[in-house]
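Trainee: I'm new to this one and would like a close look at a single part. Could you start with the charged pairs and then follow the chain into whatever lies around them?

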Amino acid sequence: MSLAGQDFHRFLERYRAEHADDVLVIEGEVSPDQEVTAVMTTLAARGREPLLVFERVGGVRVVTSIFSSRARIARLLGCQASRIHETYQEKARRAVDPKVLSSGPVLDGLQPRVDLTTLPLLRHFETDKAPYITNGIMVAEGASPFAGNLSYHRAMVHSKTELATSLHSRGHLWRLLQQAQEKKEPLPVAMVIGAHPLFMLAASARVPFGADERRIAGGLLGSPLEIVRTPKYGIGVPAASELVLEGTIDPEAKVEEGPFGEFTGYSSNRSTNSLFRVETLMRREDAILVDVAGGNSPEHLNLSRVPRESEMAEKLKDRFPSVKALHYPNSGVHFHAYVALRALREGEARQVMLALLGWDPYLKTVIAVDEDIDLTDDSQVMWALAAHFQPHRDVVIVDGLPGSALDPSASGVGTTSRMGLDATRGPTFEGVRARVSQAAMQRAARLLGDH
């Protein structure tokens, strides 16, 4: 895919042309104070999840809700929705080193003199401390050229040249910051705000420490990610980025940050209170603010869930051939998972659930069901739980494990308990599903016609 193909503007033009019914354009003036979130919330209540284009939000164009629909994510990956997991894994395995360019659109508006108060920012919730960057992808580089790290971190303006941010996920960027602290040095980083959606998806990839998600982006895009080097620290960022902030994270400084509406649906002030000193601002001349819906929105959940689901589904199916499908429902934020299987022996569902609870540190509850249950339909899973599950026999609970730092019910030190619920029928289950014959259903369809 050429640089033009990795350009967010070209992506948006193409998508609007090919899927006009899946894009809603708001032409009127919209306030950056909560009104974008209010529009998304209202649409979601009506069962709608279009890609949203706001033409006028405080003088800037805003695009959001890109990942709110799994059907749209499937289009990004070039597959059917039922094949998201397999396709994501297949493409991610084709990881390729980025291609370094001498110039790109993001360098058109290089601003060595930084004033972050001029950034176009949105306030997503009334309970947020301030307007927030929700689509801030931090890029840090390791010792070798393409052994860097991409990760999402919320951020708010602390001063004209500083952002307050949080590394509460305690992931690879946190580990790099600890290494910098041991050397008594600041950590050079760049924050990308807006790029091709497949770059955004790659930034959520689950990879070992030292593996570079920019290589994953190349696999998803189908060609090397085209990057330019930032002026001061030479960090590789997408050449067609909308906005990039370059600077350092101070491993010692602590600043006030939060609360912010997190994926749990609660306003969270749990934070590492980190300070990002911005030294250079890069932006393309026609920059769009590419926003990620906050809170427990489908977009926020899907963006980080698809890579996690894909990895877990592959691991489970490789280890347990009886596993047929895996799904993390919106209703469970990142804390619930449903797994469908055809159990071949007693206790196998329990073994599968324990494996999943051990592999994914965010999960608190796994429900195992039979393969005839549609995991994307909460009501079917709840029916299986009602009809097949006996609490005295089908529950497994493990306590005292590390969990998500943002789980409002976790202990003060972040530990949680985890539970597996076996809602499969099991080998000794007796019961015949009530059903209507196919002939009768076809007759009913003819009788009803267009009614």
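Mentor: Start with Arg284 and Asp7, whose side chains form a salt bridge with N and O 2.9 Å apart; a salt bridge here is a side-chain nitrogen of Lys or Arg within 4 Å of a carboxyl oxygen of Asp or Glu. Arg284 sits in the loop between β15 (274-283) and β16 (289-290), while Asp7 belongs to the segment before α1 (8-18), so the pair ties together parts that are 277 residues apart in sequence. Those element names come from DSSP runs, numbered from the N terminus: helices are H or I with at least four residues, strands are E with at least two.

Before going on, keep in mind that this is a predicted model, in which local features need pLDDT of at least 70, side-chain atom pairs count only at pLDDT 80 or more, and totals for chains, interfaces and linings use all residues. Residues are numbered from 1 along each chain as its sequence is written, and side-chain values use heavy atoms, with hydrogens and water left out.

Back to our pair. Arg284 is buried at a relative accessible area of 5%, and Asp7 is buried too, at 6%. Buried stands for under 20% relative accessible area, exposed for over 50%, and partly exposed for anything in between, using a 1.4 Å probe and protein chains only. The two also belong to a network of salt bridges that links Asp7, Glu242, Arg284 and Asp286. In general, side chains of opposite charge can pair when their charged atoms come close.

By that cut-off, the structure has 28 salt bridges. Another one joins Glu55 and Arg16, with the closest N and O atoms 3.9 Å apart. Glu55 is in strand β2 (residues 51-57) and Arg16 in helix α1, so to speak distant parts of the chain, 39 residues apart. Glu55 is partly exposed at 23%, and Arg16 is partly exposed at 30%. Then there's Glu256 with Lys129, a salt bridge of 2.9 Å from N to O. Here the link runs between the loop from β12 (243-250) to β13 (260-261), which holds Glu256, and the loop from β4 (99-100) to β5 (136-140), which holds Lys129, 127 residues apart. Glu256 is exposed, at 55%, whereas Lys129 is partly exposed, at 36%.

Seven strands make an open, antiparallel sheet in the order β6-β5-β9-β12-β15-β8-β7, where two strands count as paired if DSSP finds at least two bridges between them. β6 (149-152) and β7 (155-159) stand at the edges with a single partner strand each, so one side of each has no neighbour in the sheet. On average, neighbouring strands are turned by 35 degrees against each other, direction ignored; axes are lines fitted to C-alpha atoms, for helices over the stretch in contact, with angles from 0 to 180 degrees between N-to-C directions.

Take β15 as an example: four bridges join it to β8 (residues 162-165), running antiparallel, and Thr165 has Ser274 of β15 as its bridge partner.

Now look at β5. Five of its five residues are buried. Gly136, Met138 and Ala140 point one way, and Ile137 and Val139 the other. β5 pairs antiparallel with β9 over four bridges, with Met138 partnered by Met191 in β9. Four bridges also join β5 to β6, again antiparallel, and there Val139 stands opposite Leu150.

Two helices come up against this part of the sheet. Helix α5 (residues 172-182) lies across β5, β6, β9 (187-193) and β12, running at about 155 degrees to β9. Helix α7 (residues 213-221) has eight of its nine residues buried, so it is largely enclosed by the rest of the structure. Its buried residues pack against β5 and β6, among other elements; contact means heavy atoms within 4.5 Å. Just after α7, Gly222 takes a positive phi of about 90 degrees.
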